[in-house]
Amino acid sequence: MRWIMKVMGQGLAALIPIAVTLWIVVWLGMFVERILANPLKGLFPGDSEVYRMGMGIAFFVVLVFLVGLLMRLWIVRGVFELVEHWIKSLPLVKTLYGSIQDVMRFVTGGASGTARGDMVVIVTLENGWRQLGIVTRQDLGELPAALSANSQELMAVYVPFSYQLGGFTYFIERDQCTPVPGMSVEDAMRYALMAWLGPSEKPQDVTAIIEKSKPVEP
């Protein structure tokens, strides 16, 4: 009986991640398709049979690519900045827009490497404990004076929680942070989210890095 349960567990461990991933991808695809289906059908009012399932997703991909190309033109960027300035003048809306914009810049690499960070570090606390963190900003010069007074010595480091979406952002001195070369932000988030549970093979020997602590250079 124990052997059967173990085999069943291995089967579930193999199938559930694939099934959930496929379900999310399909759900997102269907969501985009539902939004763009009616506008696309409106382009062919006399012949509704022209529209086929999947055209909405294809149109969305092409639209995103074309917008990315247009954003390379200084005229388009100027118009976009005017619209963005207007959006950021609206109460509440500017907070929501700014938060989404910052997340997208971090994910897609839209911010400059110096300002954004793009680095996984081990944070050494005063009590000797160590936490895994993600540098979200190395240059604090653009922030308010109260935060940027010691901008050369401080970095913004996000420390994620385990088993939930959330975490703390600390402004930490560089000599308290040890870089973890070879570990991507995606790997760090995945391991932190699961409290470092998972297969024994790791992308990086974090213990060895902790033993060879070296401050982050400004």
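**Close-up views of a predicted model**

**View 1. Strands β3 and β4 side by side.** β3 pairs with strand β4 (residues 167-173) in the antiparallel sense, over seven bridges. Strands here are DSSP E runs of at least two residues, helices are H or I runs of at least four, and both are numbered from the N terminus; two strands pair if DSSP finds at least two bridges between them. Look across from V157 and you find Y170 of β4 standing opposite. The β3-β4 hairpin has six residues between its strands, and Y163 takes a positive phi there, near 65 degrees.

This is a predicted model, with local features needing pLDDT of at least 70 and side-chain atom pairs counting only at pLDDT 80 or more, while totals for chains, interfaces and linings use all residues. Residues are numbered from 1 along each chain as its sequence is written, and side-chain values use heavy atoms, leaving out hydrogens and water.

**View 2. Two nonpolar cores.** Nine residues make up the largest nonpolar core: M119, V121, V123, V135, M155, V157, V159, I172 and C177. β1 (119-124) and β3 (154-160) are the elements that give it two or more residues. A second, separate core has eight residues, among them V120, L132, I134 and A188. For the record, a nonpolar core is a set of buried Ala, Val, Leu, Ile, Met, Phe, Trp, Tyr and Cys residues joined through side-chain atoms within 4.5 Å. Buried means under 20% relative accessible area, exposed means over 50%, and partly exposed is in between (1.4 Å probe, protein chains only).

**View 3. Helix α1 and its bend.** α1 (residues 2-42) runs for 41 residues and reaches 59 Å from its first C-alpha to its last, close to the 60 Å expected at 1.5 Å a residue. That expected span is 1.5 Å times one less than the number of residues. At L36 the helix bends by about 40 degrees, and a proline, P39, follows within four residues; the bend is the angle between axes fitted to the seven residues ending there and the seven starting there. G29, V32, E33, L36, A37 and L40 are buried in α1, and its buried residues pack against α2 (55-70).

**View 4. Q101 in helix α4.** Q101 sits in α4 (residues 93-108) and is buried, at 12% relative accessible area. Neighbours within four places in sequence aside, Q101 is in contact with E84 and K88, contact meaning heavy atoms within 4.5 Å.

View 5. D187 and R190 join their side chains in a salt bridge (2.9 Å, N to O). The rule asks for a side-chain nitrogen of Lys or Arg within 4 Å of a carboxyl oxygen of Asp or Glu, and the count comes to one. The two residues are three apart in α7 (residues 185-193), so about one helical turn separates them.
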